[in-house]
Amino acid sequence: MTGRSAAERGRPVLAMIESNTTGTGRLFAVAARVRGLRPVLLSARPDRYPWVVEDDVEVARADTTDAAAVAEVIRATADRARLAGVVTSSEYFVAATARAATRLGLPGADPAAVERCRDKRRQRAALAGSGVPVPAFAAAGTPEEAVEAALGIGFPVVVKPADGTGSRGVRLCCDSTEVRDHTAALLAVGHDERGRPTIPAVLVEEHLVGPEVSVETFGTEVVGIAAKHLGRLPSFVECGHDFPAVPHPEHAGNVAVRAIEALGLGFGPAHTELRLSRRGPVVIEVNPRLAGGRIPTLVRLATGIDLIGATIDVVTATGRPLLEPGPGYASIRFLVPPRAGRVRRTAGVAAAAAVPGVVDVAITARPGQRVGGTGSFLDRVGHVITAAPTAGGARTAAETALALLELDVDTKADDAVEVA
């Protein structure tokens, strides 16, 4: 990275605590610079983020799980410049970011509310206690407890980590053996993908049938509702989104706001996932952050509302009212290999990009790379993003372009073993 000019060093600092590895993290740095801020990424392992070097973003190494260490490094990095705000785009660091903002006297979410939200057991209990509709559920600390919970709820059930993200470890289980085996596998994993200790418990919950949506909110204002497309069971990989959802499940927005208020949230963005079941919208989980899966990009393309910019504005106390949403539509479809294996060949990007309505297309997998088999967002190895004046136009363009992407995978490779 190049040396910093005196003018750049004097700009107000936006501290970015780690980042998601795909999607919005890079865009936060871009939006910060547009606002005259100096983005600084605090990270224990900045090598996770190639865009940092490509975009010449300043880096400060820190133990980003420790709010006190984060606050100390932010102060040292800012030096004589003003601290404007602290933000994260990663689910794993929302709690540490909230605690650091409090230590520094900067705007941020209530740390206790964020920590309660990150523990799915505590989140569910708080929602249920406030009368917010949630699936039948029980927490379990052993495979035997999980089986007992499943028998009480009734098969099939969903078993998931108590603190996971991105559909990692979420699985539909149809009998006691599947529940026992999957719970044992989850409890054997003591650390998440960032190397941090996980909660030694799982959540066993009722499997609800019906379309899945996510409600994107800012504060307690509903920005819009996205329709989700899920892959094949027993996993719950999100293979695409349409924004805004059509038909518009208006009542889902009201339920999401009730959930946010019940959890003590309401600062900045939140991403609430719901199932539209026979008994109405039911909250699966509330995430106190921006949505992943490029949903903020869909929101901007469809409505003109910049949720990334709005998030920076609120954490730096320069908030502006959100725009009135525009009348457009946007969709994304992800390229997901049907089975685990090693990539032999990819093609079709140019053909997909030529489809009318396509605004972005990419295949991130490279020949020789092992792909698939995680049952999570990590299985996604490419995407197509589209925008159009109609919902049908955006959906059709995305599906047409996705069909043109080619991913040739050798599923018989020696190490092509699927991961539960």
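Guide: Strands β14 (residues 329-334) and β18 (residues 382-388) run antiparallel, joined by 6 bridges. The model is predicted.

Now the whole sheet. β14 and β18 sit side by side in an open sheet of 8 strands. The order is β13-β12-β9-β10-β11-β14-β18-β16, and the pairing is antiparallel. The edges are β13 (280-287) and β16 (358-363). Each has a single partner strand, so one side of each is left without a neighbour in the sheet. From one strand to the next, the twist averages 20°.

Next, the helices that lie across these strands. Helix α14 covers residues 391-404. It lies across β11 (238-243), β14, β16 and β18. Its angle to β14 is about 25°. Helix α12 covers residues 307-315. It lies across β9 (212-218), β10 (221-230) and β12 (269-277). Its angle to β9 is about 40°.

Last, a single residue in another helix. Thr 77 belongs to helix α4, residues 67-78. Thr 77 has a relative accessible area of 16%; the cut-off for buried is under 20%, so Thr 77 counts as buried. A polar atom of the Thr 77 side chain lies 2.8 Å from the backbone oxygen of Val 73. Leaving aside residues up to four places away in sequence, Thr 77 touches Arg 38, Val 40, Glu 58 and Ala 60.

Technical notes:
Residues numbered from 1 in each chain as written. Predicted model: local features only at pLDDT ≥ 70, side-chain atom pairs only at ≥ 80, totals over all residues. Heavy atoms only, no water. Helix = DSSP H or I, 4+ residues; strand = E, 2+ residues; numbered from the N terminus. Buried < 20%, exposed > 50% of the residue type's maximum accessible area, 1.4 Å probe, protein only. Polar contact = N/O pair within 3.5 Å; in protein donor to acceptor, adjacent residues only side chain to side chain. Contact = heavy atoms within 4.5 Å. Pairing = 2+ DSSP bridges. Axes fitted to C-alpha atoms, helices over the stretch in contact; angles between N-to-C directions.
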